Each structure stands twice: as C-alpha cells, then as structure tokens.
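Subject: Structure for you to look at

Hello,

Here is the structure I said I would pass on. Please open it first, then read the notes below with it on screen.

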Amino acid sequence: MSRISLSSLRPAMAGESRSVSFALQATAVVAASLFIALCAHVSVPLPFTPVPFTLQPFAVILVGMLMGPTAGFAALALYLAEGAAGMPVFTTAGLPGVARLLGPTGGYLFAYPLAAAIAGIPAALRSRRYVSFAAAGAAAMLLVYACGAAWFSVSLHLPFSMALGGAVTPFAFADTVKILAAAGMATAVARR
C-alpha cells in the first residue's frame, strides 16, 4: 500500500482552490449587477430632463471601489448585457432593452463599466485612504458626466452647453454626496 504525500496533493488542491475562487468572484459580479439594478429602481423622474435622479451612480462607484477595476468592470458589463437582453434592470423611466442604450441616457450607461474600473483603482493599489477613494470616485463621475452629456447632446440634437444643463448640472450636488458616501464605505472596508 502506498502512502499519499501532502506534496502530491498540493497541485490538485491549488486547482480546486482556483475553481472555488473563480466561482466566488463570478457570484460577486452577478450580485453586484443585481445591486446596481436595485439602485437603478430607486428613481425620481424630473420634469425638465429625460434623465431621472437615481441611486445608480452611487452603486456604480461603490461597486468599483469595493470590487476593484477588473471585477467592477465585469459587473457593469454584465449589467449592460442584462439590460440589453430586456431584463428589468434599468430604471423604470424610459424605454426598455437596447432602446435604452441608444436613447438620451445611453451615454451614462456605456460609461459605467469604465467608471467602475476607475473607481476601483484605489482598491487595486490596496489604498486605505479616504482621499484616494474620493478622488477616484470623482474621476469616475467626471467620465460618466462627459459621456452622458455628449450622448445626450447628440441624441437630442442640443448644443453641448444645453446638454450640460439637462444632464449634469441638476445632479452634481447629489452625485458629490454619493461619491463621498461610497468613499467612506470603501475606506471602512479597506481598513478592516
């Protein structure tokens, strides 16, 4: 009878560990996409713009900050795929599915995966500083604003300055609060 040594089991255990790790990461990406969908449904339509007030930007930034650039990007790419497939993940105000992506708010949506990746940079660098998370969140939100306003301008045939007034200015204060709250949460998690 031969004995099995621990060293002969290590490669098999490492492969099993990688499989479990991948499954956990995939589960986290799916859960994050559902969290974003839930926050998108916390929505208040505004009478002067087709862009509603939602908790979606908070969720995008928080997911990026907590999951890091790669997993954050994956969660938002999955979220967009779910929405394009017709799943009810986007805010209830507006068209469903691919039509939402091509509508006036599509620029925001298309910017979300990269915004989550930018917001996740401090996590990848293992930062524990609130200022790092807040700065990354602000940079991510600036990207969302730029893409959102540009798409809004083109889709509604408006000058860019008017697009800023309908797609950025009304949300700037609330989004700043969302960024600061997400940075506080991410910092608390990073320091544990």
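The largest cavity in this predicted model has a volume of about 230 Å³. Counting cavities of 30 Å³ or more gives one. Its lining is made up of 21 residues, and those nearest the centre of the largest cavity are Val51, Pro52, Thr54, Gln56 and Tyr112. Sorted by class, the lining of the largest cavity holds 14 nonpolar, four polar and three charged residues.

For the overall layout, the chain contains nine helices and two strands. Their order along the sequence is α-β-β-α-α-α-α-α-α-α-α. The C-alpha trace spans about 80 × 35 × 25 Å along its principal axes.

Helix 2 with helix 9

How are helix 2 (residues 56–67) and helix 9 (residues 172–190) packed? Their axes lie 9 Å apart, at an angle of about 25°. Angles under 35 degrees count as roughly parallel, so helix 2 is roughly parallel to helix 9. The crossing of helix 2 and helix 9 is right-handed. On the helix 2 side, the contact uses Pro57, Phe58, Ile61, Leu62, Met65 and Leu66. They meet residues of helix 9 that include Asp175, Lys178, Ile179, Met185 and Val189, along with Ala181, Ala182, Ala183 and Ala186. By class, this contact of helix 2 with helix 9 has 13 nonpolar residues, two charged ones and no polar ones.

Helix 3 with helix 5

The axes of helix 3 (residues 69–84) and helix 5 come within 6 Å, and they cross at roughly 165°. Angles over 145 degrees count as roughly antiparallel, which means that helix 3 is roughly antiparallel to helix 5. Helix 3 and helix 5 also make a right-handed crossing. Helix 3 brings Pro69, Gly72, Phe73, Leu76, Ala77, Tyr79 and Leu80 to the contact, while helix 5 brings Leu109, Phe110, Tyr112, Pro113, Leu114, Ala116 and Ala117. The contact of helix 3 with helix 5 has 13 nonpolar residues, one polar and no charged.

Helix 7 with helix 9

Is helix 7 parallel or oblique to helix 9? Helix 7 and helix 9 pack with their axes 8 Å apart and at an angle of about 140°. That angle makes helix 7 oblique to helix 9. Helix 7 passes helix 9 in a right-handed crossing. From helix 7, the residues in contact are Tyr130, Phe133, Ala134, Gly137, Ala138, Met141 and Tyr145. From helix 9 they include Ala172, Asp175, Ile179, Leu180, Gly184 and Thr187. By class, the contact of helix 7 with helix 9 has 12 nonpolar, three polar and one charged residues. Asp175 and Ile179 of helix 9 meet helix 7, and Asp175 and Ile179 also meet helix 2.

Regards

Conventions
Residues are numbered from 1 along each chain as its sequence is written. This is a predicted model: local features need pLDDT of at least 70, side-chain atom pairs count only at pLDDT 80 or more; totals for chains, interfaces and linings use all residues. Side-chain values use heavy atoms; hydrogens and water are left out. Axes are lines fitted to C-alpha atoms, for helices over the stretch in contact, and angles run from 0 to 180 degrees between N-to-C directions. Helices (H or I, at least four residues) and strands (E, at least two) are DSSP runs, numbered from the N terminus. Angles under 35 degrees count as roughly parallel, over 145 as roughly antiparallel, 65 to 115 as roughly perpendicular and the rest as oblique. A crossing is left-handed if the near helix is turned anticlockwise from the far one by less than a right angle, and right-handed if clockwise. Contact means heavy atoms within 4.5 Å. Ala, Val, Leu, Ile, Met, Phe, Trp, Tyr, Cys and Pro count as nonpolar, Asp, Glu, Lys and Arg as charged, and the others, Gly among them, as polar. On a 1 Å grid over the protein atoms alone, a cavity is a set of points where a 1.4 Å probe fits but cannot get out, and a pocket is an open set with protein on both sides within 12 Å along at least five of seven lines; lining residues have an atom within 4 Å of a point. Grid points are joined across faces, edges and corners, and a volume is the space filled by probe spheres set on the points.
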